Amino acid sequence: MGNPTDHLWMHFTRMSSYRETPVPTIVRGEGAYIWDSEGRRYLDGLAGLFVVNAGHGRTELAEAAAKQAGELAYFPIWSYAHPTAIELAERIAALAPGDLNRVFFTTGGSEAVESAWKLARAYFKRVGKPTKHKVVSRHIAYHGTTMGALSITGLPGIKADFEPLVPGGIKVPNTNFYRAPEHGDDPAAFGRWAADEIGRAIEREGPDTVAAVFLEPVQNAGGCFPPPPGYFERVREICDAYDVLLVSDEVICSWGRLGAYFGAQRYGYRPDIITTAKGITSGYSPLGAMIAADKLMEPFLTGAASFAHGITFAGHPVSCAVALANLDVFAREDLVGHVRANEGGFRATLEKLYDLPIVGDIRGDGYFYGIELVKDRATRESFDDAESERLLRGFLSGALFEAGLYCRADDRGDPVVQLAPPLIAGQAEFDEIERILRTVLTEAWQRL
Ligand SMILES: Cc1ncc(COP(=O)(O)O)c(C=O)c1O
(Lines give C-alpha, C1' and ligand atoms only; values in the text may rest on other atoms or scores of the structure.)
Protein backbone atom coordinates (compact mmCIF):
# COMPACT_ATOMS: atom_id res chain seq x y z
CA MET A 1 0.00 0.00 0.00
CA GLY A 2 1.28 3.48 -0.88
CA ASN A 3 0.66 6.56 1.18
CA PRO A 4 -3.06 6.51 2.07
CA THR A 5 -3.42 10.10 0.93
CA ASP A 6 -2.07 9.47 -2.58
CA HIS A 7 -5.56 8.73 -3.86
CA LEU A 8 -8.08 8.96 -1.05
CA TRP A 9 -9.58 12.45 -1.03
CA MET A 10 -10.80 12.79 2.54
CA HIS A 11 -13.83 14.92 3.35
CA PHE A 12 -13.48 18.30 5.04
CA THR A 13 -9.79 17.49 5.45
CA ARG A 14 -6.66 19.55 5.13
CA MET A 15 -4.80 17.02 3.04
CA SER A 16 -1.51 18.80 3.70
CA SER A 17 -1.75 17.78 7.37
CA TYR A 18 -1.04 14.21 6.33
CA ARG A 19 1.93 14.80 4.10
CA GLU A 20 4.30 14.10 6.97
CA THR A 21 1.97 12.65 9.62
CA PRO A 22 0.27 9.29 9.07
CA VAL A 23 -3.54 9.30 8.69
CA PRO A 24 -5.24 7.63 11.66
CA THR A 25 -6.66 4.49 10.11
CA ILE A 26 -9.45 2.71 11.96
CA VAL A 27 -9.79 -0.96 11.25
CA ARG A 28 -12.18 -2.46 13.80
CA GLY A 29 -14.90 -1.62 16.32
CA GLU A 30 -16.52 -3.35 19.27
CA GLY A 31 -19.14 -1.81 21.53
CA ALA A 32 -18.09 1.73 22.38
CA TYR A 33 -14.47 1.19 21.24
CA ILE A 34 -12.51 1.34 17.99
CA TRP A 35 -9.02 0.12 17.11
CA ASP A 36 -6.52 1.60 14.67
CA SER A 37 -4.17 -0.17 12.28
CA GLU A 38 -1.44 -0.10 14.94
CA GLY A 39 -3.66 -2.04 17.35
CA ARG A 40 -4.35 0.93 19.66
CA ARG A 41 -7.78 1.18 21.27
CA TYR A 42 -9.88 4.35 21.52
CA LEU A 43 -13.17 5.20 23.13
CA ASP A 44 -15.50 6.28 20.32
CA GLY A 45 -16.78 9.49 21.86
CA LEU A 46 -18.59 10.55 18.70
CA ALA A 47 -20.22 7.28 17.57
CA GLY A 48 -18.21 7.62 14.35
CA LEU A 49 -19.97 10.79 13.25
CA PHE A 50 -23.12 10.69 15.42
CA VAL A 51 -23.92 7.44 13.60
CA VAL A 52 -23.10 4.20 15.42
CA ASN A 53 -25.91 4.50 17.97
CA ALA A 54 -26.22 0.76 18.68
CA GLY A 55 -22.45 0.43 19.04
CA HIS A 56 -19.80 -1.31 16.96
CA GLY A 57 -19.39 -4.97 16.17
CA ARG A 58 -23.03 -6.04 16.03
CA THR A 59 -22.79 -9.20 13.96
CA GLU A 60 -26.59 -9.45 13.78
CA LEU A 61 -26.68 -6.24 11.73
CA ALA A 62 -23.92 -7.54 9.45
CA GLU A 63 -25.84 -10.79 9.03
CA ALA A 64 -29.05 -8.93 8.16
CA ALA A 65 -27.11 -7.15 5.40
CA ALA A 66 -25.60 -10.39 4.07
CA LYS A 67 -28.94 -12.18 4.10
CA GLN A 68 -30.67 -9.38 2.20
CA ALA A 69 -27.85 -9.05 -0.35
CA GLY A 70 -28.11 -12.79 -1.00
CA GLU A 71 -31.87 -12.60 -1.47
CA LEU A 72 -32.27 -9.32 -3.35
CA ALA A 73 -29.25 -7.05 -3.46
CA TYR A 74 -30.87 -4.18 -5.25
CA PHE A 75 -34.10 -2.98 -6.62
CA PRO A 76 -35.32 0.61 -6.94
CA ILE A 77 -38.38 2.07 -5.25
CA TRP A 78 -39.31 3.84 -8.47
CA SER A 79 -42.77 2.48 -9.32
CA TYR A 80 -41.78 -0.84 -7.76
CA ALA A 81 -41.30 -1.80 -4.15
CA HIS A 82 -39.48 -4.42 -2.13
CA PRO A 83 -40.40 -5.92 1.23
CA THR A 84 -37.77 -4.30 3.46
CA ALA A 85 -38.59 -0.76 2.24
CA ILE A 86 -42.32 -1.39 2.78
CA GLU A 87 -41.79 -2.82 6.25
CA LEU A 88 -39.31 -0.15 7.32
CA ALA A 89 -41.55 2.69 6.15
CA GLU A 90 -44.35 1.21 8.23
CA ARG A 91 -42.09 0.84 11.30
CA ILE A 92 -40.81 4.42 10.97
CA ALA A 93 -44.32 5.82 10.56
CA ALA A 94 -45.42 4.00 13.71
CA LEU A 95 -42.51 5.44 15.71
CA ALA A 96 -42.69 8.97 14.30
CA PRO A 97 -44.83 11.57 16.04
CA GLY A 98 -48.42 12.46 15.09
CA ASP A 99 -49.42 12.32 11.46
CA LEU A 100 -45.88 11.95 10.10
CA ASN A 101 -46.77 8.82 8.20
CA ARG A 102 -45.17 9.21 4.78
CA VAL A 103 -41.60 8.02 4.46
CA PHE A 104 -39.47 9.10 1.51
CA PHE A 105 -36.11 7.32 1.65
CA THR A 106 -32.77 8.87 0.72
CA THR A 107 -29.20 7.63 1.09
CA GLY A 108 -28.18 10.18 3.73
CA GLY A 109 -28.87 13.43 5.55
CA SER A 110 -28.10 16.04 2.90
CA GLU A 111 -30.44 14.30 0.49
CA ALA A 112 -33.14 14.19 3.16
CA VAL A 113 -32.78 17.95 3.70
CA GLU A 114 -32.69 18.55 -0.04
CA SER A 115 -35.82 16.42 -0.46
CA ALA A 116 -37.63 18.32 2.28
CA TRP A 117 -36.95 21.67 0.64
CA LYS A 118 -38.08 20.30 -2.73
CA LEU A 119 -41.23 18.85 -1.20
CA ALA A 120 -42.04 22.16 0.53
CA ARG A 121 -41.75 23.99 -2.80
CA ALA A 122 -43.68 21.39 -4.78
CA TYR A 123 -46.40 21.15 -2.12
CA PHE A 124 -47.06 24.89 -2.07
CA LYS A 125 -47.15 25.02 -5.87
CA ARG A 126 -49.85 22.41 -5.84
CA VAL A 127 -51.99 23.98 -3.14
CA GLY A 128 -52.13 27.31 -4.90
CA LYS A 129 -49.30 29.17 -3.14
CA PRO A 130 -46.62 28.94 -5.85
CA THR A 131 -44.52 31.85 -4.59
CA LYS A 132 -43.66 30.14 -1.30
CA HIS A 133 -40.13 28.86 -1.85
CA LYS A 134 -37.65 30.33 0.70
CA VAL A 135 -36.35 28.61 3.82
CA VAL A 136 -35.44 30.01 7.21
CA SER A 137 -32.64 28.38 9.22
CA ARG A 138 -30.20 29.37 11.95
CA HIS A 139 -26.77 30.89 12.04
CA ILE A 140 -23.93 28.33 12.31
CA ALA A 141 -26.35 25.41 11.77
CA TYR A 142 -25.12 22.56 9.57
CA HIS A 143 -27.73 20.98 7.29
CA GLY A 144 -25.51 19.24 4.73
CA THR A 145 -23.37 19.94 1.70
CA THR A 146 -25.42 19.48 -1.48
CA MET A 147 -26.24 22.86 -3.01
CA GLY A 148 -29.72 23.17 -1.53
CA ALA A 149 -28.74 21.85 1.89
CA LEU A 150 -25.64 24.07 1.80
CA SER A 151 -27.83 27.06 1.17
CA ILE A 152 -29.81 26.15 4.30
CA THR A 153 -26.55 25.67 6.21
CA GLY A 154 -25.48 28.72 8.23
CA LEU A 155 -21.69 28.31 8.20
CA PRO A 156 -20.15 30.95 5.91
CA GLY A 157 -16.76 29.22 5.94
CA ILE A 158 -18.00 26.14 4.12
CA LYS A 159 -20.20 28.07 1.70
CA ALA A 160 -17.95 30.78 0.30
CA ASP A 161 -16.17 28.59 -2.28
CA PHE A 162 -19.47 27.55 -3.81
CA GLU A 163 -21.34 30.84 -4.06
CA PRO A 164 -23.71 31.68 -5.57
CA LEU A 165 -25.84 29.07 -3.83
CA VAL A 166 -29.53 28.31 -4.22
CA PRO A 167 -31.29 31.62 -3.51
CA GLY A 168 -33.78 31.93 -0.69
CA GLY A 169 -31.83 30.74 2.35
CA ILE A 170 -32.72 33.18 5.17
CA LYS A 171 -30.77 33.13 8.45
CA VAL A 172 -32.02 33.81 11.98
CA PRO A 173 -30.34 33.63 15.41
CA ASN A 174 -29.66 30.24 16.98
CA THR A 175 -30.34 29.30 20.60
CA ASN A 176 -26.85 29.73 22.03
CA PHE A 177 -27.97 30.88 25.48
CA TYR A 178 -24.38 31.11 26.76
CA ARG A 179 -23.80 33.91 24.28
CA ALA A 180 -27.35 35.26 24.17
CA PRO A 181 -27.40 38.76 22.64
CA GLU A 182 -30.68 39.41 24.48
CA HIS A 183 -32.22 38.10 27.72
CA GLY A 184 -29.01 36.38 28.81
CA ASP A 185 -30.42 35.91 32.32
CA ASP A 186 -33.81 34.46 31.38
CA PRO A 187 -33.95 31.32 29.22
CA ALA A 188 -37.69 31.57 28.60
CA ALA A 189 -37.50 35.22 27.49
CA PHE A 190 -34.49 34.35 25.33
CA GLY A 191 -36.41 31.45 23.77
CA ARG A 192 -39.35 33.71 23.04
CA TRP A 193 -37.06 36.31 21.47
CA ALA A 194 -35.20 33.72 19.34
CA ALA A 195 -38.48 32.18 18.14
CA ASP A 196 -39.95 35.61 17.40
CA GLU A 197 -36.89 36.38 15.28
CA ILE A 198 -38.17 33.66 12.94
CA GLY A 199 -41.52 35.45 12.74
CA ARG A 200 -39.79 38.75 12.06
CA ALA A 201 -37.69 37.17 9.29
CA ILE A 202 -40.82 35.73 7.67
CA GLU A 203 -42.48 39.15 7.86
CA ARG A 204 -39.43 40.83 6.37
CA GLU A 205 -39.17 38.39 3.48
CA GLY A 206 -42.91 38.31 2.88
CA PRO A 207 -44.91 35.35 4.24
CA ASP A 208 -46.08 34.45 0.75
CA THR A 209 -42.45 33.77 -0.23
CA VAL A 210 -41.45 31.54 2.71
CA ALA A 211 -42.03 27.78 2.49
CA ALA A 212 -40.27 26.24 5.47
CA VAL A 213 -38.24 26.67 8.64
CA PHE A 214 -35.44 24.12 9.17
CA LEU A 215 -34.36 23.59 12.79
CA GLU A 216 -32.49 20.85 14.61
CA PRO A 217 -33.97 19.86 17.99
CA VAL A 218 -30.48 20.48 19.43
CA GLN A 219 -28.27 22.44 17.05
CA ASN A 220 -25.00 20.58 16.59
CA ALA A 221 -22.66 23.08 14.95
CA GLY A 222 -21.53 25.67 17.44
CA GLY A 223 -21.57 22.98 20.11
CA CYS A 224 -25.00 21.65 21.11
CA PHE A 225 -27.60 24.38 21.58
CA PRO A 226 -30.70 22.87 23.19
CA PRO A 227 -33.97 24.72 22.74
CA PRO A 228 -34.81 27.17 25.54
CA PRO A 229 -38.14 26.56 27.29
CA GLY A 230 -41.12 27.45 25.11
CA TYR A 231 -39.00 27.88 21.96
CA PHE A 232 -40.52 25.20 19.78
CA GLU A 233 -44.01 25.91 21.05
CA ARG A 234 -43.66 29.50 19.84
CA VAL A 235 -42.02 28.43 16.55
CA ARG A 236 -44.97 26.14 15.91
CA GLU A 237 -47.41 29.01 16.47
CA ILE A 238 -45.44 31.21 14.08
CA CYS A 239 -45.31 28.50 11.41
CA ASP A 240 -49.07 27.97 11.72
CA ALA A 241 -49.76 31.70 11.58
CA TYR A 242 -47.80 32.15 8.34
CA ASP A 243 -48.52 28.73 6.77
CA VAL A 244 -44.85 27.80 6.80
CA LEU A 245 -43.72 24.18 7.21
CA LEU A 246 -41.67 23.27 10.27
CA VAL A 247 -38.90 20.84 9.33
CA SER A 248 -37.18 19.14 12.25
CA ASP A 249 -33.72 18.22 10.95
CA GLU A 250 -32.99 15.17 13.06
CA VAL A 251 -30.11 13.72 11.08
CA ILE A 252 -28.30 13.58 14.44
CA CYS A 253 -31.12 14.01 16.96
CA SER A 254 -33.29 10.97 16.16
CA TRP A 255 -32.84 7.26 16.97
CA GLY A 256 -32.22 7.67 20.68
CA ARG A 257 -29.55 10.35 20.64
CA LEU A 258 -31.72 12.56 22.88
CA GLY A 259 -33.40 9.75 24.82
CA ALA A 260 -36.37 9.50 22.45
CA TYR A 261 -36.81 8.02 19.00
CA PHE A 262 -37.19 11.55 17.67
CA GLY A 263 -35.97 14.86 19.05
CA ALA A 264 -39.39 16.40 18.43
CA GLN A 265 -40.82 13.87 20.89
CA ARG A 266 -38.23 14.77 23.48
CA TYR A 267 -39.23 18.44 23.36
CA GLY A 268 -42.91 17.85 22.65
CA TYR A 269 -43.39 19.72 19.39
CA ARG A 270 -45.11 18.74 16.17
CA PRO A 271 -43.07 19.16 12.98
CA ASP A 272 -44.47 18.85 9.46
CA ILE A 273 -41.39 17.00 8.25
CA ILE A 274 -38.57 15.15 10.00
CA THR A 275 -35.32 14.62 8.14
CA THR A 276 -33.18 11.76 9.42
CA ALA A 277 -30.22 9.51 8.53
CA LYS A 278 -27.10 8.35 10.46
CA GLY A 279 -28.38 6.30 13.44
CA ILE A 280 -31.29 4.85 11.49
CA THR A 281 -28.96 1.96 10.58
CA SER A 282 -26.34 2.67 13.26
CA GLY A 283 -24.06 3.06 10.24
CA TYR A 284 -24.02 -0.58 9.19
CA SER A 285 -25.29 0.59 5.80
CA PRO A 286 -26.12 4.08 4.50
CA LEU A 287 -29.69 5.33 4.64
CA GLY A 288 -31.67 8.52 5.22
CA ALA A 289 -35.30 9.52 5.11
CA MET A 290 -37.70 12.42 4.92
CA ILE A 291 -40.76 11.67 7.04
CA ALA A 292 -43.66 13.87 5.98
CA ALA A 293 -47.07 14.67 7.42
CA ASP A 294 -50.00 13.10 5.59
CA LYS A 295 -51.23 16.43 4.25
CA LEU A 296 -47.96 16.99 2.36
CA MET A 297 -48.47 13.88 0.26
CA GLU A 298 -52.09 14.57 -0.53
CA PRO A 299 -51.50 16.67 -3.67
CA PHE A 300 -49.46 13.78 -5.08
CA LEU A 301 -52.02 11.06 -4.47
CA THR A 302 -54.41 11.60 -7.35
CA GLY A 303 -54.45 11.56 -11.15
CA ALA A 304 -51.19 12.13 -13.00
CA ALA A 305 -49.49 13.87 -10.07
CA SER A 306 -46.17 12.61 -8.72
CA PHE A 307 -43.33 14.04 -6.64
CA ALA A 308 -40.73 14.28 -9.42
CA HIS A 309 -37.75 13.38 -7.28
CA GLY A 310 -35.76 10.21 -6.63
CA ILE A 311 -32.35 8.70 -5.95
CA THR A 312 -31.11 5.35 -7.29
CA PHE A 313 -29.82 3.96 -4.01
CA ALA A 314 -32.48 5.47 -1.74
CA GLY A 315 -34.35 2.83 0.21
CA HIS A 316 -31.72 0.28 -0.76
CA PRO A 317 -32.92 -3.22 0.24
CA VAL A 318 -29.74 -3.96 2.18
CA SER A 319 -29.90 -0.67 4.08
CA CYS A 320 -33.58 -1.16 4.87
CA ALA A 321 -32.92 -4.70 6.13
CA VAL A 322 -30.13 -3.34 8.33
CA ALA A 323 -32.37 -0.56 9.65
CA LEU A 324 -35.04 -3.11 10.57
CA ALA A 325 -32.48 -5.23 12.41
CA ASN A 326 -31.16 -2.07 14.09
CA LEU A 327 -34.65 -1.17 15.29
CA ASP A 328 -35.00 -4.72 16.63
CA VAL A 329 -31.86 -4.13 18.70
CA PHE A 330 -33.26 -0.79 19.91
CA ALA A 331 -36.50 -2.46 21.01
CA ARG A 332 -34.91 -5.55 22.57
CA GLU A 333 -32.29 -3.63 24.54
CA ASP A 334 -34.43 -0.56 25.14
CA LEU A 335 -31.58 1.71 24.03
CA VAL A 336 -33.83 4.75 24.20
CA GLY A 337 -34.72 3.94 27.82
CA HIS A 338 -31.03 3.32 28.54
CA VAL A 339 -30.19 6.85 27.38
CA ARG A 340 -32.97 8.34 29.50
CA ALA A 341 -31.81 6.37 32.53
CA ASN A 342 -28.16 7.36 32.10
CA GLU A 343 -28.21 10.86 30.62
CA GLY A 344 -28.19 12.42 34.09
CA GLY A 345 -25.00 10.50 34.87
CA PHE A 346 -23.42 11.66 31.63
CA ARG A 347 -24.22 15.29 32.35
CA ALA A 348 -23.08 15.07 36.00
CA THR A 349 -19.80 13.44 34.99
CA LEU A 350 -19.05 16.04 32.33
CA GLU A 351 -19.98 18.85 34.72
CA LYS A 352 -17.13 17.80 37.01
CA LEU A 353 -14.94 19.50 34.39
CA TYR A 354 -16.28 22.91 35.46
CA ASP A 355 -13.37 23.08 37.90
CA LEU A 356 -11.03 23.60 34.91
CA PRO A 357 -10.59 27.28 34.00
CA ILE A 358 -10.69 26.54 30.26
CA VAL A 359 -14.21 25.08 30.46
CA GLY A 360 -16.78 27.81 29.82
CA ASP A 361 -20.03 26.00 29.16
CA ILE A 362 -21.23 22.39 29.11
CA ARG A 363 -24.49 21.97 27.24
CA GLY A 364 -26.63 19.35 25.59
CA ASP A 365 -29.18 16.66 26.32
CA GLY A 366 -29.36 12.90 26.12
CA TYR A 367 -26.05 11.52 24.86
CA PHE A 368 -25.22 14.70 22.94
CA TYR A 369 -22.97 17.34 24.50
CA GLY A 370 -20.71 20.23 23.63
CA ILE A 371 -18.07 21.68 25.92
CA GLU A 372 -17.20 25.26 25.04
CA LEU A 373 -13.66 26.31 25.78
CA VAL A 374 -12.84 29.87 26.82
CA LYS A 375 -9.79 31.96 27.53
CA ASP A 376 -11.42 33.71 30.47
CA ARG A 377 -14.33 32.15 32.26
CA ALA A 378 -15.39 35.33 34.05
CA THR A 379 -15.69 37.40 30.87
CA ARG A 380 -16.50 34.41 28.59
CA GLU A 381 -13.79 35.70 26.27
CA SER A 382 -13.16 33.24 23.47
CA PHE A 383 -9.95 32.47 21.63
CA ASP A 384 -8.90 34.49 18.61
CA ASP A 385 -8.39 32.74 15.27
CA ALA A 386 -4.68 32.14 15.80
CA GLU A 387 -5.21 30.72 19.30
CA SER A 388 -8.06 28.53 18.07
CA GLU A 389 -5.87 27.24 15.29
CA ARG A 390 -3.05 26.48 17.70
CA LEU A 391 -5.27 25.05 20.41
CA LEU A 392 -7.84 23.03 18.50
CA ARG A 393 -6.13 21.99 15.32
CA GLY A 394 -2.56 22.14 16.57
CA PHE A 395 -3.06 20.41 19.89
CA LEU A 396 -6.45 19.25 21.17
CA SER A 397 -7.76 16.92 18.48
CA GLY A 398 -4.46 15.06 18.26
CA ALA A 399 -3.85 14.99 22.00
CA LEU A 400 -7.32 13.63 22.80
CA PHE A 401 -6.91 10.93 20.20
CA GLU A 402 -3.42 10.16 21.45
CA ALA A 403 -4.85 9.81 24.97
CA GLY A 404 -7.43 7.28 23.73
CA LEU A 405 -10.52 9.39 23.06
CA TYR A 406 -11.94 9.88 19.59
CA CYS A 407 -14.18 12.96 19.60
CA ARG A 408 -14.24 16.28 17.83
CA ALA A 409 -12.70 19.63 18.62
CA ASP A 410 -14.69 22.00 16.46
CA ASP A 411 -14.29 25.70 15.79
CA ARG A 412 -17.01 26.33 13.23
CA GLY A 413 -18.58 28.51 15.91
CA ASP A 414 -16.83 29.16 19.22
CA PRO A 415 -14.33 26.40 20.08
CA VAL A 416 -16.05 23.30 21.44
CA VAL A 417 -15.34 19.67 22.13
CA GLN A 418 -18.26 17.57 20.89
CA LEU A 419 -19.33 14.32 22.48
CA ALA A 420 -21.92 11.81 21.30
CA PRO A 421 -20.93 8.27 22.33
CA PRO A 422 -22.77 5.14 21.21
CA LEU A 423 -26.01 4.77 23.15
CA ILE A 424 -24.78 1.60 24.87
CA ALA A 425 -22.25 3.68 26.83
CA GLY A 426 -22.65 3.87 30.60
CA GLN A 427 -20.91 5.27 33.66
CA ALA A 428 -17.59 3.50 32.98
CA GLU A 429 -17.33 5.18 29.56
CA PHE A 430 -18.45 8.55 30.96
CA ASP A 431 -15.70 8.34 33.59
CA GLU A 432 -13.12 7.51 30.96
CA ILE A 433 -14.24 10.46 28.81
CA GLU A 434 -14.01 12.79 31.82
CA ARG A 435 -10.59 11.50 32.84
CA ILE A 436 -9.08 11.96 29.38
CA LEU A 437 -10.67 15.36 28.88
CA ARG A 438 -9.41 16.49 32.29
CA THR A 439 -5.82 15.51 31.50
CA VAL A 440 -5.76 16.95 27.99
CA LEU A 441 -7.66 20.17 28.78
CA THR A 442 -5.37 20.80 31.74
CA GLU A 443 -2.38 20.52 29.43
CA ALA A 444 -4.08 22.75 26.83
CA TRP A 445 -4.56 25.44 29.48
CA GLN A 446 -0.90 25.25 30.49
CA ARG A 447 0.16 25.64 26.87
CA LEU A 448 -1.85 28.80 26.33
C1 LIG B 1 -28.45 18.24 11.14
C2 LIG B 1 -27.79 17.66 9.94
N3 LIG B 1 -28.40 17.75 8.74
C4 LIG B 1 -27.85 17.23 7.64
C5 LIG B 1 -26.63 16.59 7.67
C6 LIG B 1 -26.04 16.02 6.42
O7 LIG B 1 -26.06 14.63 6.46
P8 LIG B 1 -25.13 13.76 5.49
O9 LIG B 1 -23.72 14.02 5.90
O10 LIG B 1 -25.58 12.35 5.77
O11 LIG B 1 -25.43 14.16 4.10
C12 LIG B 1 -25.96 16.46 8.89
C13 LIG B 1 -24.65 15.80 8.97
O14 LIG B 1 -23.99 15.77 9.96
C15 LIG B 1 -26.54 17.03 10.05
O16 LIG B 1 -25.93 16.95 11.23
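**Close-up 1. The buried residues of helix α7.** Tyr231, Phe232, Val235, Arg236, Ile238 and Cys239 of α7 are buried (under 20% relative accessible area; exposed is over 50% and partly exposed lies in between, with a 1.4 Å probe and protein chains only). Seen down the axis of α7, these buried residues fall within an arc of 165 degrees, so they line one face of the helix. The arc is taken over the directions from the helix axis to the C-beta atoms. Glu233 and Ala241 are exposed, on the face turned away from the buried side. The cover over the buried residues includes β5 (134-138), α6 (187-205), β7 (210-215) and β8 (245-249). Contact means heavy atoms within 4.5 Å. The 12 residues of α7 (residues 231-242) should span 16 Å at 1.5 Å a residue; the end C-alpha atoms are 17 Å apart, which agrees. The expected span is 1.5 Å times one less than the number of residues. Just after α7, Asp243 takes a positive phi of about 50 degrees.

The model is predicted: local features need pLDDT of at least 70 and side-chain atom pairs count only at pLDDT 80 or more, while totals for chains, interfaces and linings use all residues. Residues are numbered from 1 along each chain as its sequence is written, and side-chain values use heavy atoms, with hydrogens and water left out.

**Close-up 2. The sheet β1-β2-β3-β13.** These 4 strands form an open sheet in this order, with mixed pairing. Strands pair if DSSP finds at least two bridges between them. Helices (H or I, at least four residues) and strands (E, at least two) are DSSP runs, numbered from the N terminus. The edge strands are β1 (26-30) and β13, each pairing on one side only. β1 and β2 run antiparallel, joined by 4 bridges. Here Gly29 stands opposite Ile34 in β2. Helix α13 packs on the sheet and touches β2, β3 and β13; its direction makes about 110 degrees with that of β3. Axes are lines fitted to C-alpha atoms, for helices over the stretch in contact, and angles run from 0 to 180 degrees between N-to-C directions.

Close-up 3. Strands β2 (residues 33-36) and β3 (residues 41-44) are antiparallel, with 3 bridges. Tyr33 stands opposite Leu43 in β3. The hairpin has 4 residues between its strands, and Gly39 in the turn has a positive phi of about 90 degrees. On to β13 (residues 405-406): 2 bridges join this strand to β3, and the two run parallel. Asp44 has Tyr406 as its bridge partner in β13.

**Close-up 4. The sheet β11-β12-β15-β14.** This is an open sheet of 4 strands with antiparallel pairing. β11 (359-365) and β14 (408-410) stand at the edges with a single partner strand each, so one side of each lacks a neighbour in the sheet. Neighbouring strands are turned by 20 degrees against each other on average, direction ignored. Between β12 (residues 368-373) and β15 (residues 416-419) there are 4 bridges. Glu372 stands opposite Val416 in β15. Helix α13 (residues 427-447) lies across β11, β12 and β15, at about 165 degrees to β15.

**Close-up 5. Two nonpolar cores.** A nonpolar core is a set of buried Ala, Val, Leu, Ile, Met, Phe, Trp, Tyr and Cys residues joined through side-chain atoms within 4.5 Å. The largest has 68 residues; Phe105, Ile371, Leu396 and Leu437 have the most contacts inside it. Leu396 touches Leu373, Leu391, Ala409, Val417, Val440, Leu441 and Ala444, leaving out residues up to four places away in sequence. A second, separate core has 23 residues, among them Ile170, Ile198, Val235 and Ala264.
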